[in-house]
Amino acid sequence: MLAEIGRHCLTLSLLCAAWAAMAGFLSGKFHHFPLFISARRSLYAGTGLLVGASAILIHANLTNDFRLWVVASYSNINLPTFYKISAMWGSQAGSLLLWALILSCFSSIVVFQYRRRDDDMIPFVASILGGILVFFLIVLNFNSNPFTLLASPPADGNGLNPQLQTPLMVIHPPLLYIGYVGFSIPFAFAIAALLSGRLNDVWIHRTRRWTIFSWFFLGIGILLGAYWAYIELGWGGYWAWDPVENAALVPWLTGTALLHSVMIQEKKRMLQVWNMVLVILTYCLCILGTFITRSGVISSVHSFTVSNLGPLFLVFLALLFGGSFLVLIYRLPELKSPNRLDSLVSRESSFLFNNLFLLACAFAILWGTLFPILSEAVRGVKITVGPPFFNQVIAPIGLALIFLTGVCPLIAWRRATMKHLLRNFRYPVGAGMAGAVLLPLIGFREIYSVLAISLCLFVFATIVLEFFRGTQARHRMTGEPSPLAFFRLINRNRRRYGGYLVHLGILFMVVGITGSWNYQQESTASLRIHETMRIGPYELTFEDTFSRKLRNAEQFGAVLTVRKGDRIVTTLRPARNFYPPPQEPSTEVDIRSTLAEDLYLIFLGFDPEAGVGLFKALINPLVNWIWLGGLVIILGAHFAVLPDRRRERAWRAAEELLQKLESSGGRKAQVAAARTLEGESIG
Amino acid sequence: MGRMLIASILLTAGTAAGNFLAADRDAVAGIARQIVCYCGTCSNQSVKDCTCGTAAAARQEIGQRLDGGELPASILEFYRQRYGEQILIVPGKTGFNLVAWVTPFLVLLFGATGLLWALLRLTRSASGQPAPAQSPPQGMITDKKTMKRLERELREIED
């Protein structure tokens with residue numbers, strides 16, 4: 001039977017992962033290349049087996065095989081095919097299988113990329129990735145096996161929670177897992193560098209794209225989760241500081257710090273130890289994040305039912321954290337790079353302040369999330385740490401971060417002079433101050449919102465200036481017409497200008513968050529047919545009700561005409577979906593979106609005897625700037641990672657030349673080449 | 001199916017008709033904002049924000065108590081007594097709970113101090129090293145070879 005084959009696939013892939021871990025380690029320790037080939041092939045085999053196991057699980061969902069516990073719990077006959085596939089990761093066990101599959105695929109890609117190199121580091125990378133896989137496969141085989149059978153299978157399953165039956169919720173977990181799992185690669189390279197003694201910058205260079213890639217997917221996953229909450233959950237907000245939301249945000253923040261401080265190491269060859277710490281911290285926070293989600297240690301809406309998964313994850317986390325820091329401390333004497341800082345006011349130091357505030361933010365969020373556990377341990381009393389705590393604590397740190405976003409790029413590397421600072425900051429500071437004066441005049445009364453948007457104007461001006469001055473300088477140098485100069489400028493500096501674009505996207509999001517959080521209006525009313533309620537400049541008239549049969553639900557809704565002044569702006573159709581028991585009805589809100597604001601309408605209920613409908617209307621100003629900002633970030637991130645063929649070619653040519661010199665040059669050349677490859681500068 | 005539908009709509013909305021209007025009142029909202037909804041289906045939302053029936057009933061009760069002349073403080077205390085400290089959406093700023101509020105800022109202060117100290121130490125050990133001369137090129141360049149060289153140097157300076 002297929003489920004049996006699935007079980008065997010899981011067991012065999014555990015053996016493959018274990019062998020990869022062992023062979024990789026031995027290969028690295030004794031410089032035995034054939035063992036690395038064996039480890040590599042083991043990882044490939046493991047990936048194949050996991051692809052097979054996943055296919056079997058999806059097949060079971062598609063064929064309504066209710067003998068499998070996970071199929072009976074999360075799928076049913078009437079579930080649309082699209083959601084039968086995604087029901088694979090609706091369960092604890094299924095989602096762990098997805099995680100293991102992604103990890104296995106990424107590991108195979110990495111060892112394939114470096115298959116021809118007789119390298120010191122890569123065998124250890126294979127070993128560490130294999131080791132992480134071993135943990136997840138142990139959990140899959142012995143604790144949460146997706147191929148567990150039911151003694152007496154039911155005729156039909158429970159079905160998928162209706163709130164998860166939207167395309168957004170289908171891709172949200174895979175995107176997050178790609179982000180979480182992706183961070184294992186830089187982690188593995190960092191530890192491999194420590195184990196192998198290859199303590200130069202090579203590990204950073206090799207993992208830069210993986211770091212951006214993981215950071216990007218984790219960020220988009222979080223943003224999509226917020227968008228889903230806004231559209232689907234129907235309470236008018238997009239972020240509730242739920243423990244599971246926080247658990248994903250915290251590693252994203254430390255990942256952002258990592259992205260930035262890695263730039264200092266690449267440019268100035270400083271902060272090796274700090275970057276190692278950040279990588280280890282980020283990955284451990286990813287594992288902590290998934291532990292918080294899965295173990296239900298802090299009860300929240302997202303969590304799966306509490307299982308004994310918790311202790312297993314805690315042990316793994318302790319091994320990961322403890323082991324990493326042990327290796328780091330062991331190699332510490334060899335890692336100390338010649339840290340040099342020319343001035344307190346330099347780009348290096350402003351980047352370090354960026355790190356400080358990002359990590360403070362991450363700490364504050366983690367602290368608030370875990371404090372209830374601490375309180376219960378210390379006082380025996382359960383408490384709640386809800387949204388107002390996070391809002392109050394994060395707001396000032398957030399403002400500081402916006403400020404730094406504008407300041408850092410304009411401060412020169414090494415040393416910034418007063419004249420230089422004044423020249424760079426004249427217009428941006430002017431823009432910020434103009435904002436601070438004008439914003440209250442156009443309706444922004446709340447002090448934090450004025451500060452936030454003024455700072456956004458400041459940063460926006462710095463970004464525009466960067467593009468402008470760069471184009472101007474190039475135009476003067478080369479005589480190219482300005483548009484061509486602009487195009488060539490950003491094309492030859494993709495990382496930098498892509499980064500500015502990402503910052504711009506963040507600014508948009510800040511504007512959107514500030515508007516929607518501080519200036520939301522709400523109005524609740526019970527209306528008979530043809531009665532009207534008012535909110536802000538809008539008038540909503542209840543025209544009619546409607547009912548519709550959906551594939552797996554009965555939909556009952558209301559039709560309301562929206563007027564502004566005396567013209568009809570739109571018609572909204574909020575509804576409620578009623579699913580067969582045991583599932584709760586869901587709210588399907590209707591929204592009228594413009595760049596300025598959202599008119600958000602919730603249909604709360606209907607009394608047919610009295611003919612009275614209950615409605616809650618909200619106005620969320622500027623909220624669409626958040627999603628727009630997300631799109632800009634996607635654009636910027638893609639632009640930043642576009643391969644720079646000239647730079648790649650130059651790097652590879654240099655490496656080859658140096659390797660040639662090391663093996664066949666004269667004695668002095670050999671020593672110099674060896675030294676350069678090891679990371680020291682040529683004298 | 002039709003009758004079941006109507007019945008379930010009635011259950012969720014019928015008796016709650018008046019409750020939702022009570023939430024419009026600012027005074028009720030002020031208190032409702034501080035209490036977590038205990039319906040179990042929303043996450044961390046206050047009784048003011050949650051759209052479920054439990055929250056609606058709670059808002060009506062708060063409204064009735066306010067009408068009866070009770071002070072906001074005693075209404076909050078009443079909920080605290082009935083549901084425990086976890087009904088409050090944020091911990092109070094007294095006793096052990098103060099640790100919750102203060103710690104993030106202490107950590108930030110400690111980190112900032114540590115960072116400044118580390119930066120000062122690093123700059124002091126490096127003082128005495130001259131900054132590189134940065135002379136901007138002048139005039140317009142038409143020679144391709146020189147242009148390429150300039151491009152390279154420009155990138156090095158600006159990066």
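Me: What should I know before I start?
Reply: Residues are numbered from 1 along each chain as its sequence is written, and chains are lettered from A and ligands numbered from 1 in the order in which they are written. The model is predicted, so local features need pLDDT of at least 70, side-chain atom pairs count only at pLDDT 80 or more, and totals for chains, interfaces and linings use all residues, while side-chain values use heavy atoms, leaving out hydrogens and water.

Me: How many residues does helix α1 of chain A have, and how far does it reach?
Reply: Helices are DSSP runs (H or I, at least four residues), numbered from the N terminus. The expected span is 1.5 Å times one less than the number of residues. Helix α1 (residues 2–30) of chain A has 29 residues and reaches 41 Å from first to last C-alpha, close to the expected 42 Å. Just after α1(A), His31(A) takes a positive phi of about 50°.

Me: At what angle do α8 and α12 of chain A pack?
Reply: Two packed helices are described by the angle between their axes and the distance between the axes. Axes are lines fitted to C-alpha atoms over the stretch in contact, and angles run from 0 to 180 degrees between N-to-C directions. Here, α8 (residues 184–196) and α12 (residues 309–335) of chain A pack at about 45°, with axes 9 Å apart. That makes α8(A) oblique to α12(A) (under 35 degrees is roughly parallel, over 145 roughly antiparallel, 65 to 115 roughly perpendicular, and the rest oblique).

Me: Which residues of α8(A) and α12(A) meet?
Reply: Contact means heavy atoms within 4.5 Å. Among them, Phe187(A) and Ile191(A) are on the α8(A) side, and Leu320(A) and Arg331(A) on the α12(A) side.

Me: Which residue forms a salt bridge with Glu334(A)?
Reply: Side chains of opposite charge can pair when their charged atoms come close. A salt bridge is a side-chain nitrogen of Lys or Arg within 4 Å of a carboxyl oxygen of Asp or Glu. Glu334(A) pairs with Arg331(A), the closest N and O atoms being 3.3 Å apart. Being 3 residues apart in α12 of chain A, Glu334(A) and Arg331(A) are separated by about one helical turn. The whole structure has 15 salt bridges over all chains.

Terms used
Helix = DSSP H or I, 4+ residues; strand = E, 2+ residues; numbered from the N terminus.
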